[in-house]
Amino acid sequence: MNKHRCGWCEGDSLYEAYHDKEWGVPVKDDATLFEFLILETFQAGLSWITVLKKRENFRKAFDNFDYRKIADYNQDKIDELLDNPGIIRNKLKIHSTISNAKAFMEIQKEYGSFSKYIWDFVDGKPIKNSLKNYKEGPATTPFSDTISKDLKKRGFKFVGSTVIYAQMQATGMVNDHEVSCFRYNEV
């Protein structure tokens, strides 16, 4: 039996697997939220499939996205990352990953967890949209605008509203599966 998926992922097995198992599933774990935040920042200006294909390389290069370790990266580690052909070697994004790790931990201190902080923006519940076609989906919303502004105020970089909305979609804060997609009612 053929399952109907959102149109954006069809035709690529990696994309389909990501769509079927991860995209839109509510994430409350800080480590996973940090991973998606970093991957989304590296995606800025690129396609998600580019990042997805390099995801395992990112995990290895960035110590499995251990924000505690990343916050302590020194120039030698930065140079190593800039020389790593398996990741996106953008100097500003690499530096922002380090500063974002530090800011991430500051939010944890203030709120007890990053999850509590980020999910409070949507009252702890996913927003469920009703898209007939993924192309109808917004790139930003008032929620992503608010979160982006607050994160920037707290020292985060590369967290514009578009990046944050993609983060919200990826981590299930918003359900933007097409209503005809088999995952729409599952997440």
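Analyst: Helices here are DSSP runs of H or I with at least four residues, strands are DSSP runs of E with at least two, and both are numbered from the N terminus. Residue numbers start from 1 along each chain as its sequence is written. The model is predicted: local features need pLDDT of at least 70, side-chain atom pairs count only at pLDDT 80 or more, totals for chains, interfaces and linings use all residues, and side-chain values use heavy atoms, without hydrogens and water.

User: Where is Lys135, and why is Lys135 called exposed?

Analyst: Lys135 sits in the loop between strand E1 (127-128) and H9. Exposed means over 50% relative accessible area, buried under 20%, and partly exposed in between (1.4 Å probe, protein chains only). Lys135 has 64%, so the label is exposed.

User: What makes H9 and H10 roughly perpendicular?

Analyst: The axes of H9 (residues 142-153) and H10 (residues 161-170) cross at roughly 115 degrees and come within 8 Å. Axes are lines fitted to C-alpha atoms, for helices over the stretch in contact, and angles between N-to-C directions run from 0 to 180 degrees. The range 65 to 115 counts as roughly perpendicular; under 35 is roughly parallel, over 145 roughly antiparallel, the rest oblique. H9 and H10 are therefore roughly perpendicular.

User: Which residues make the contact of H9 with H10?

Analyst: H9 brings Phe143, Ser144, Asp145, Ile147, Ser148 and Leu151, while H10 brings Ser161, Ile164, Tyr165 and Met168. Contact means heavy atoms within 4.5 Å. Six of these residues are nonpolar, three polar and one charged. Nonpolar covers Ala, Val, Leu, Ile, Met, Phe, Trp, Tyr, Cys and Pro; charged covers Asp, Glu, Lys and Arg; the others, Gly among them, are polar.

User: What makes H10 mostly covered?

Analyst: Nine of its ten residues are buried. They are Ser161, Val163, Ile164, Tyr165, Ala166, Gln167, Met168, Gln169 and Ala170. They pack against H1, H2, H9 and strand E2 (174-175). Just after H10, Gly172 takes a positive phi of about 75 degrees.

User: Which residues of H1 are buried, and what do they pack against?

Analyst: In H1 (residues 13-21), Tyr15, Glu16, Tyr18, His19 and Asp20 are buried. Their partners are H2 (30-43), H3 (48-53), H4 (55-61) and H10. At the start of H1, a side-chain oxygen of Asp12 comes within 3.0 Å of the backbone nitrogen of Leu14.

User: Why is Arg183 called buried, and what does Arg183 touch?

Analyst: Arg183 has a relative accessible area of 10%, so the label is buried. Arg183 lies in the segment after E2. Leaving out residues up to four places away in sequence, Arg183 touches His19, Asp20, Lys21, Val25 and His177. His19 and Asp20 are also among the buried residues of H1.

User: Why is Asp63 called partly exposed, and where is Asp63 found?

Analyst: Asp63 has 27% relative accessibility, so the label is partly exposed. Asp63 is found in the loop between H4 and H5 (67-71). Asp63 has a positive phi of about 50 degrees, although not a glycine.

User: How do you know that Asp123 is exposed?

Analyst: The relative accessible area of Asp123 is 63%, so the label is exposed. Asp123 lies in the loop between H8 (114-120) and E1. Phi of Asp123 is near 55 degrees, a positive value in a residue other than glycine.

Note on methods:
A polar contact is a pair of N or O atoms within 3.5 Å; within protein, one must be able to donate a hydrogen and the other to accept it, and residues adjacent in sequence count only if both atoms are side-chain atoms.
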